[in-house]
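Welcome, and thanks for taking a look at this chain with us. Please have the sequence and the 3D view open side by side as you read.

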Amino acid sequence: MFILEEKHLEAAKQIALKHRHKKSCDRCYDRGWIGVSDQNLLILCPKCVDRDAALEEWKAYVNEHEELKEHFSELFEEKPVEEEGKEKTLPHEQKKLHPNPMKQTFVPGQKRTGLKKV
Ligand SMILES: [Zn+2]
């Protein structure tokens with residue numbers, strides 16, 4: 001299972017803190033987060049943290065760390081629906097740009113020329 005490294009968790013905490021929009025909060029004790037998931041991911045405070053803004057920054061952070069990209073790849077694929085008006089990409093147009101190479105059926109045993117190695 002994926003477990004977020006401690007150093008990245010620390011970074012996430014900083015991001016959470018940065019995007020708090022209330023001065024004091026009894027839910028998270030002004031930390032901006034209320035707990036950590038079993039993947040060591042930060043659970044943002046729903047009361048005082050601007051989750052969208054925090055997520056945007058987290059995405060930027062992930063983008064800089066190859067080892068995180070794989071796990072958080074879904075962050076980059078689907079846009080949260082709640083965001084209104086911000087950077088409107090054409091969802092279906094975009095999908096056409098990614099033809100899935102895995103879909104090509106590979107048939108083993110096809111005759112290959114020049115690969116005989118016996
Ligand atoms: Zn809070």
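What follows is a short tour of a predicted model, from the overall layout to a few single residues.

**Overall layout**

The chain holds five helices and two strands. Read from the N terminus, these elements follow the order α-β-β-α-α-α-α. Of the 118 residues in the chain, 14% are buried. Among contacts with a separation of 6 or more, 47% are between residues 24 or more positions apart.

**The pair H1 and H2**

Two packed helices are described by the angle between their axes and the distance between the axes. Here, helix H1 covers residues 6–18 and helix H2 covers residues 51–63. Their axes come within 9 Å and cross at roughly 150 degrees. Angles over 145 degrees count as roughly antiparallel, and H1 and H2 are therefore roughly antiparallel to each other. The crossing of the two helices is right-handed.

Which residues of H1 and H2 meet? From H1 come Ala-11, Ala-12, Ile-15 and Ala-16, and from H2 come Ala-54, Glu-57, Trp-58 and Tyr-61. Sorted by class, this contact has seven nonpolar residues, one charged residue and no polar ones.

In soluble globular proteins, nonpolar side chains tend to be buried together. In this model, the largest nonpolar core has 14 residues, and Ala-16 and Leu-44 are those with the most contacts inside it. H1, H2 and strand E2 (42–44) are the elements that give two or more residues to this core. H1 provides the largest share, with four residues.

Is Ala-16 buried or exposed? Ala-16 is buried, because 25 other C-beta atoms lie within 10 Å. Leaving out neighbours up to four places away in sequence, Ala-16 touches Gly-32, Trp-33, Leu-42, Leu-44, Val-49 and Ala-54. One of these partners, Ala-54, also belongs to the H2 side of the helix contact described above. Ala-16 and Arg-51 are 35 residues apart in sequence, with their C-alpha atoms 8.2 Å apart in space.

Next comes one of the partners of Ala-16, Trp-33. Trp-33 is in strand E1, which spans residues 33–36. With 22 other C-beta atoms within 10 Å, Trp-33 is buried. Not counting residues up to four places away in sequence, Trp-33 is in contact with Lys-13, Ala-16, Cys-28, Leu-42, Ile-43, Leu-44 and Cys-45. The C-alpha atoms of Trp-33 and Ile-43 are separated by 5.5 Å, and these two residues are 10 residues apart along the chain.

**Loops and the start of the chain**

Tyr-29, in the loop between H1 and E1, has phi near 55 degrees, a positive value in a residue other than glycine. Tyr-29 is exposed, because 11 other C-beta atoms lie within 10 Å. Asn-40 lies in the loop between E1 and E2. Asn-40 is not a glycine either, yet its phi is positive, at about 70 degrees. Asn-40 counts as partly exposed, with 15 C-beta neighbours inside 10 Å.

Pro-46 is found in the loop between E2 and H2. Where the cut-off for exposed is 12 or fewer neighbours, Pro-46 counts as exposed, with 10 C-beta neighbours inside 10 Å.

Before H1 comes a segment that holds Leu-4. Leu-4 has 18 C-beta neighbours inside 10 Å and so counts as partly exposed. Leaving aside residues up to four places away in sequence, Leu-4 touches Leu-9, Gln-39, Asn-40 and Leu-41. This list brings back Asn-40 from the loop between E1 and E2.

**Pairs separated in sequence**

| Pair | Separation along the chain | C-alpha distance |
|---|---|---|
| Trp-33 and Ile-43 | 10 residues | 5.5 Å |
| Ala-16 and Arg-51 | 35 residues | 8.2 Å |
| Pro-46 and Arg-20 | 26 residues | 9.9 Å |
| Leu-4 and His-71 | 67 residues | 9.5 Å |

As a last stop in the 3D view, return to Ala-16: this buried residue is in contact with Trp-33 and Leu-44, among others.

Conventions:
Residues are numbered from 1 along each chain as its sequence is written. This is a predicted model: local features need pLDDT of at least 70, side-chain atom pairs count only at pLDDT 80 or more; totals for chains, interfaces and linings use all residues. Axes are lines fitted to C-alpha atoms, for helices over the stretch in contact, and angles run from 0 to 180 degrees between N-to-C directions. Angles under 35 degrees count as roughly parallel, over 145 as roughly antiparallel, 65 to 115 as roughly perpendicular and the rest as oblique. A crossing is left-handed if the near helix is turned anticlockwise from the far one by less than a right angle, and right-handed if clockwise. Two residues are in contact if their C-beta atoms, placed from the backbone, lie within 7 Å. Ala, Val, Leu, Ile, Met, Phe, Trp, Tyr, Cys and Pro count as nonpolar, Asp, Glu, Lys and Arg as charged, and the others, Gly among them, as polar. A residue is buried if 20 or more other C-beta atoms lie within 10 Å of its own, exposed if 12 or fewer, and partly exposed in between; C-beta atoms are placed from the backbone. A nonpolar core is a set of buried Ala, Val, Leu, Ile, Met, Phe, Trp, Tyr and Cys residues joined through C-beta atoms within 7 Å.
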